[in-house]
Amino acid sequence: MSSNAPEPCDLLIEAGFVVPVEPHGVVLENHAVAVRDGAIVAVLPVAEARTRFAAAETVSRPEGALVPGFVNAHTHNPMTLLRGVADDLPLKVWLQQHIWPIEGAVIGPDFVADGITLAIAEMLRGGTTCINENYFFPDVQASVYKRHGFRARVGLPVIDFPTAWAKSDDEYFDKAGEVHDQWRDDPLIATAFAPHAPYTVNDANFERIRMLADQLDVPVHLHLHETAQEVEQSQAEHGQRPIARLDRLGLVNDRLIAVHMTQLTEAEIHLCVERGVSVVHCPESNLKLASGFCPACALERAGVNLAIGTDGCASNNDLDMVGETRTAAIMAKAVAQDAAAFDAFSALRAATLGGAKAMGFDHLVGSIEPGKQADLVLLDLSVLEAQPLYHVVSQLVYATGRHQVSDVWIAGKPKLRERELVGMDVDAIIANAKQWRTRIAAIDRAAL
């Protein structure tokens, strides 16, 4: 082969705009991304790409924006089957009088598998390629995500009361170890400890989690400082705020993925910076449950790694990371009382690379760079609602809807092609969701 012969590649994606996220604040016009063996091998102008590469497949979208796949850094995806079941209620009533009783009646491998399948279909149609999952039956979760080629960090649940997943503290930890061992070397699936929250996990279990997380080199993913009531309860029961208690137990470090964080002092923000804690901002869930406001701008300006999550469909009620990123950006401005706060580039970064970093996946995904996995999303900016187009990233964050996602790849494999899901039966998924609706509606009526 002569030196100027084109290099083979599996896929060449040509886009009007490539937003690599790293380096920050850059938009590359008329660029292409070459993919081989599931990884990005080059990012270069379209004309150069056509000369340098002989692609098995070329996807050309001259009015498309190519971005890294969205990373949903906090989800309870089986709960898609509870979408809208108990709306317009405060957190405690919602959780204790509706969600927990329904879950007690239906939770099991089938509920988890079917809920996640529905979630994957919804997420792919909205450009999400990677999630940080927090629910029961992580063994089932992992196998369903793997079957669909979806990237996930699956939470290993720990909570102080018996559930359908485990009956005792020892059983939670034994099963966590088994699931971790089963998936420890998988290219798509990883694990994290997922203690539910400070108010549902005791000190001894937190200490055990800290020791095992260090040994196994996995993150700890939990709800923290979600409501003012949680903070008050902790002060009454433990004599300190929840994050101070976790710090005493050795958990406030760079493994901690702290979700919600609506109740923070300046000192607590600085503690997060010092220890390398990642914070997941779930604005729509916090708004809907009236839980409070995460100080996203203050966290970002202090230097905390910020990610974005939708939370579960029972409290959001969708898995729309395009919409969530917009909400995060505009809410941050209102909370900071500063229109310049948390600009469009920063919001997109939080929704991609920030989430990947929080999950320990930033060496794999979150930006469009050679060597990273080809988890990529094209959005159509030719539509009427995207006109006129002055600033691409501004348009993506403030004026784009998930229906503009046209194509999605995970590790170079097509998952959505011109708005059509690849390898998923949409009609069957909808029919199955309707069966669950009938069953769950009857349970919820009986519980009241």
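Helices (H or I, at least four residues) and strands (E, at least two) are DSSP runs, numbered from the N terminus. With that in hand, let us walk through the structure together. This is a predicted model, in which local features need pLDDT of at least 70 and side-chain atom pairs count only at pLDDT 80 or more, while totals for chains, interfaces and linings use all residues. Residues are numbered from 1 along each chain as its sequence is written, and side-chain values use heavy atoms, with hydrogens and water left out.

Let us begin with the backbone. Asp-37 sits in the loop between strand 2 and strand 3 (39-45), and its phi is near 55 degrees, a positive value in a residue other than glycine. Asp-37 counts as exposed because its relative accessibility is 70%; buried means under 20% relative accessible area, exposed over 50%, and partly exposed in between (1.4 Å probe, protein chains only). Asn-30, which belongs to strand 2 (residues 28-36), also has a positive phi, near 50 degrees. With a relative accessible area of 47%, Asn-30 is partly exposed. Why point these out? Most residues other than glycine have a negative phi, and most peptide bonds are trans.

A cis bond joins Asn-316 and Asn-317, with omega about 20 degrees, and Asn-317 lies in the loop between strand 12 (305-308) and helix 12 (321-336). The bond from Gln-387 to Pro-388 is also cis, with omega near -15 degrees; Pro-388 is in the loop between strand 13 (376-380) and helix 14 (392-398).

Now look inside. A nonpolar core is a set of buried Ala, Val, Leu, Ile, Met, Phe, Trp, Tyr and Cys residues joined through side-chain atoms within 4.5 Å. The largest one has 114 residues, of which Phe-111, Ile-120, Tyr-145 and Phe-193 touch the most other members. Helix 3 (residues 109-125) supplies the largest share of this core, 10 residues. A second, separate core has 14 residues, including Leu-11 and Ile-368. In soluble globular proteins, nonpolar side chains tend to be buried together. Leaving out residues up to four places away in sequence, Phe-193 is in contact (heavy atoms within 4.5 Å) with residues including Leu-156, Phe-173 and Val-220.

What about open spaces? On a 1 Å grid over the protein atoms alone, a pocket is an open set of points where a 1.4 Å probe fits, with protein on both sides within 12 Å along at least five of seven lines; lining residues have an atom within 4 Å of a point. The largest pocket is lined by 32 residues, and among those nearest its centre are Arg-153 and Asp-217. Strand 8 gives the most to this lining, with three residues. In the second largest pocket, 30 residues form the lining, and Trp-100 and His-196 are among those nearest the centre. Helix 2 contributes the most there, with seven residues.

Finally, how many disulfides does a search of the whole structure find? It finds zero, a disulfide being a pair of cysteine sulfur atoms within 2.5 Å. Cys-313 is in no disulfide, and the nearest cysteine sulfur, that of Cys-282, is 12 Å away. Cys-313 counts as buried because its relative accessibility is 0%.
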